[in-house]
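Me: I would like to learn how to read contacts in a structure model. Could we go through one together?
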Amino acid sequence: MAEYLIKNGHVFDPVQGIKGDKADVAIKDGKIVDKVGSSAKVIDAKGMTVMAGAVEIHSHIAGPKVNLGRIYRPEDKLFSCTPTHGMERMGGGASIPTTFKTGYEYAKMGYTTAMEAAMPPLFSRHVHEEIRDTPIIDEGAYPVLGNNWFVLEYLRNHEVENTAAYIAWLLKVTKGYAVKVVNPGGTEAWAWGLNCLSIHDPVPYFDITPAQIVRGLIEANEYLGLPHSMHIHPNDLGNPGCYQTTLDTLALAEGLKTHNKFGREQVMHLTHTQFHSYKGTNWADFESGAKEVTDYVNAHKNITIDTGNVTLDETTTMTADGPFEHHLTGLNHLKWANVDVELETAAGVVPYIYSPNISVCAIQWAIGLEIPLMMKDGMRCYITTDHPNAGPFTRYPRVFKWLMSTKAREAQINAFKHKDKVLSQTSIGSLDREITFYELAQMTRAGPAKSLGLSAICGGLKPGMEADVAVYNIDPDKPIANPDDIEKAFSRCAAVFKSGVQVVSNGEIVSNGHKRTLWVDVKTKENAQVKRDISEKFVKYYSVTQNNYEALGHHFVPNPFAIEVDATQV
Amino acid sequence: MTKTITLNLISGRSIQQGVAIEGGKEKADYRTAAGIIELDRADLKELGIWINTNVRVTSAYGSVIVKAIETTQGPHPGVAFIPMGPWANSIVNPNTYSTGMPTFKGTPVTVEVAANEPVLLGIELVQKLCGVKSA
Amino acid sequence: MTKTITDVICPFCGTLCDDVEVIVSDDGKKLLEVNNACVIGTEKFLHSQAKDRVTRPRMHQEDGSWKEVSYDEAVEYTAQMLAKARKPLMYGWSSTNCEAQSVGNEIAELSRACCDNTAAVCHGTTLIALQDEGLPSCTLGEVKNRADRVIFWGCNPAHAHPRHMSRYSIFPRGFFTGKGQMSRKLIVVDPRTTDTAKMADIHLQVEQGRDYELLNALRVALRGEWLPDEVAGISAEKIREAADILKSGRFGIIFFGMGVTQSISKNHNIDEAIALTKDLNEHTKFSIMPMRGHYNVTGSGEVFAWQFGFPYAVDLTRGFARYNPGDTSSIDLLTRGEIDAMFTIGSDPGAHFPISAVKPIANLPSVCIDPHLTPTSGVSKLHVPVAFNGVETGGNCYRMDNVPIDCRKVVEPPEGMLTDEQFLTKVRDRLKELKGVA
């Protein structure tokens, strides 16, 4: 493999505590190294910013509901098609780009790892087929477990060990990465057209509450010592007043400690926090609950969060929170797709237009920015748009601009039709913090990598780590005259390396890299009961046989990267 | 003078047609399964024919010889059924009306006795209509 | 000695049964017996063993005879044809696996082809309606475990999806449906008294082509508004009775088929069926699902969608993907005479397109990739027989509810035969050479 030396760039690396110092980054055999030989290819990064490749912790980019979005929204392709070009296959789609376009767009922005945030286990083969067709970036996928019948039945009796054994089996057969929970209990209730809006609403028939599910899954996750923590989308998403349910959910982690060998410190990851930080009692008195939620998270070190920033675009919402999407189609009257998945989960898809002329959308925008601006520790708060729910991931550079420049925020606030409402219902107008390059590297690289248990592998530039490097054409030492320069620089990298291969040069794709699928391989003690329960459920209730369930073979996971966990000694 | 009746033609799957396409479309069994028209007893009576009589079915889009049989999925007077396949497709309404989908169901047709004309094999029929030589 | 292979997937219809057992000879070369499959599926497995099967590519000669050619010659003809064509149509894809579809899409991109699958003559209008209205749906296991109201509208699973009713929709005993058929009310809407209709609690014998009116009347009845005495041949009383049954259930499902997709009104019939489903969700839980025909037509739509953004009728001639059914759809392209080369794989337009859309194929450079002899192969210039997908090679497929199931290989194909994927890979590589692409 070619050796590279990225010279004279301003390096930001929270892993080593480097805050913009001029330093060289050397690459050899796919890894960051101390030094390389004189034949190494030199990339001149003078006056540029150098960071590790960015890590996406929560995005919907592969699988059945994403593709349902593509299928049922031909209008999303209007004006967004890209022709076959050099190394690039043709692409299309703005809020739900095709797989090829997804890979290219992430790479061009300097992202080298991304996590698909909700994989219905029964559809894992589909998720993996799309992951295979998404070039360059390493990807993993989180199987959804918060409404899974095995989990509901085991945790009803607080059988943590059995739950853990089931999770280990499921991660193996679905090639999954982490334990994802979406509207715990509520999605099962949705199979009867119902919902669970608080953590104490009982789940119909199963005689369990969301609180028991959440607490039990944290315990099972820590019993196994998985790389990532339980990753939750709580009950009551998106409703005025939901912040209280969010605080109730966060409190379930109180006193719980992590147990893992990956350097992860949290036991719960709260995702798209913006959607869960609403105060008020209706859409008229709707206001921000960002302070209450971030105050709690700031005070509790065993929690990490991501933001879910609204980007003010037309987009496509999609979530395993089936009842929410039904609620949403009732609000905006746009087309509604739903898929209930036997024994496991559901999903809904509804287009949404975050209009700057609608006060609620503008307030959502402000809440999304308040959260990272109020979080004290960039290592525990990560930037996402919950792609495509709050906006497409391709808008990250714009979100960075808003976070890094009060001037940019003011310009946007002034452009809102209901500016006064935004200022009265949120505190965005009084926040003068500007996220620094270093904090940005925490929030998009080192932080998410640590939360995912990947801190030894990616998210930093320490020798020995994967050579995932992004070079941005922006000089952090120079005052930024126009905030749009931030957006421009972060949109198209000067250079990107993925595992030591240069994949982007001057904003163009120059290699399709060696994309890997990340999954977690857990070894557990033999558990005869769980084995029997699994086989019984397939015989009686699934519509496929157990032997036809596993995502197996070259076609689905051609280039696996298994993270091994030994839970046999627990 | 031969008697002619007017019916509403639909086409669709039958299990015999399904078996026959998997058994081989070059075979006579395919013709037996799909080179037929299923008529209601009342329509057979009106036409004045026995079952298993060959008939000519004609629409604005073409004409084809098939064997008339009595429907087992009736009664459906006024509706005729030819299993999906080249025989039905010789006469169905091909217009898609800008949807991409031909109008396979609901083609007005006339049916008349053609006792002495042969029902062609599936591949043979398409080759003939397309002017393709077969050896 | 023989070997029994279990959990085999049946490559016939969109029901995609995955519990078939196949007994093969010890050397894995002969398929002897098929258990659990329906009569059509059994025939499909057994026909692969036919002695008179064509095992090498053949070129149609001037005098109507066929001349055997090598696979390499077939690759050359196909690649040259696609390289020269300005607007080739690559049609079919529904009876092959997703791996082959993927390679096919690369070829289509290289040759700037129009690509389409059998949704063109099947559920294309469903896809249009889905784009208008959305689609509240579920997996088939949900129906098995929960459904107490089942409607078959314009479909006849007793003939077209023979095991659908026993595996998922009428008979099975699921988690909340322990009494099987007794747990469920069945309504069938069909202008004929089909073998499915004969099992129904209520058969609404709709006037052919009046589905839209009847669907709309059911929505009216749900709202308790005024109805005329009769709609689409059904009395108001019966419509109200049906509406009451639907809304009194706990979990309902509408399965629909060609009766609504191919009758006049087309996608608007389905718009209305989806709207009815949404309305029912104000009263109880309701889903709707198209009864997809070919075993992997759904997969073709999925692969098209994640690679090009659209599920069928994709036109790549401008170098990026366009989609406009009625314009970029196969039947229209052919009848308008816009196509200058025809590539068919895993389907039989010769038998299943209206004859006016078949005639142009006979006059074009054309390739038909199909293990069977078909009307399409009969009018094509080159016929390339391949291994039976799902019997002689495996590969991923998508069931009618979009659940992916990986097919199994159960026997070896005849000596020297290529699979779809292998043949297409050779075509792709040759086409790249011809186009000078690395």
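Me: How many residues does the contact take from chain A and from chain C?

Reply: This is a predicted model. The contact draws 46 residues from chain A and 54 residues from chain C.

Me: Which elements give two or more residues to the side of chain A that touches chain C?

Reply: Helix H1 (64–72), helix H2 (99–108), helix H3 (124–132) and strand E16 (336–341) of chain A do. E16(A) gives the most to that side, with six residues. Sorted by class, the side of chain A that touches chain C holds 20 nonpolar, 16 polar and ten charged residues.

Me: What joins E16(A) to strand E8 of chain C?

Reply: Five bridges join E16(A) to strand E8 (residues 134–138) of chain C, and the two strands run parallel. Within this pairing, Asp340(A) stands opposite Cys138(C) in E8(C).

Me: Now the domains. Which domains does the assignment give for chain A?

Reply: The domain assignment of chain A gives domain 1 (4–51 + 460–509) and domain 2 (138–162 + 178–451). Their C-alpha centres lie 31 Å apart. The contact of these two domains takes 16 residues from domain 1 of chain A and 16 residues from domain 2 of chain A.

Me: Which elements of chain A each supply at least two residues of the side of domain 1 that touches domain 2?

Reply: They are strand E1 (4–13), strand E2 (18–28), strand E5 (49–52) and helix H16 (484–491) of chain A. H16(A) gives the most to this side, with four residues. By class, the side of domain 1 of chain A that touches domain 2 of chain A has nine nonpolar, four polar and three charged residues.

Me: How are two packed helices described?

Reply: The description uses the angle between their axes and the distance between the axes. Take helix H5 (residues 160–174) and helix H7 (residues 210–224) of chain A: their axes come within 9 Å and cross at roughly 65°. Angles of 65 to 115 degrees count as roughly perpendicular, so H5(A) and H7(A) are roughly perpendicular to each other.

Me: Is the crossing of H5(A) and H7(A) left-handed or right-handed, and which residues make the contact?

Reply: The crossing of H5(A) and H7(A) is right-handed. From H5(A), the contact is made by Val160(A), Glu161(A), Thr163(A), Ala164(A), Ile167(A) and Ala168(A). From H7(A), Gly216(A), Glu219(A), Ala220(A), Tyr223(A) and Leu224(A) take part. The residues of this contact divide into seven nonpolar, two polar and two charged.

How values were computed. Residues numbered from 1 in each chain as written. Chains lettered and ligands numbered in written order. Predicted model: local features only at pLDDT ≥ 70, side-chain atom pairs only at ≥ 80, totals over all residues. Contact = placed C-beta atoms within 7 Å. Nonpolar A, V, L, I, M, F, W, Y, C, P; charged D, E, K, R; others polar. Pairing = 2+ DSSP bridges. Domains from an automatic or database assignment. Axes fitted to C-alpha atoms, helices over the stretch in contact; angles between N-to-C directions. Parallel < 35°, antiparallel > 145°, perpendicular 65-115°, else oblique. Left-handed = near helix turned anticlockwise from the far one by under 90°.
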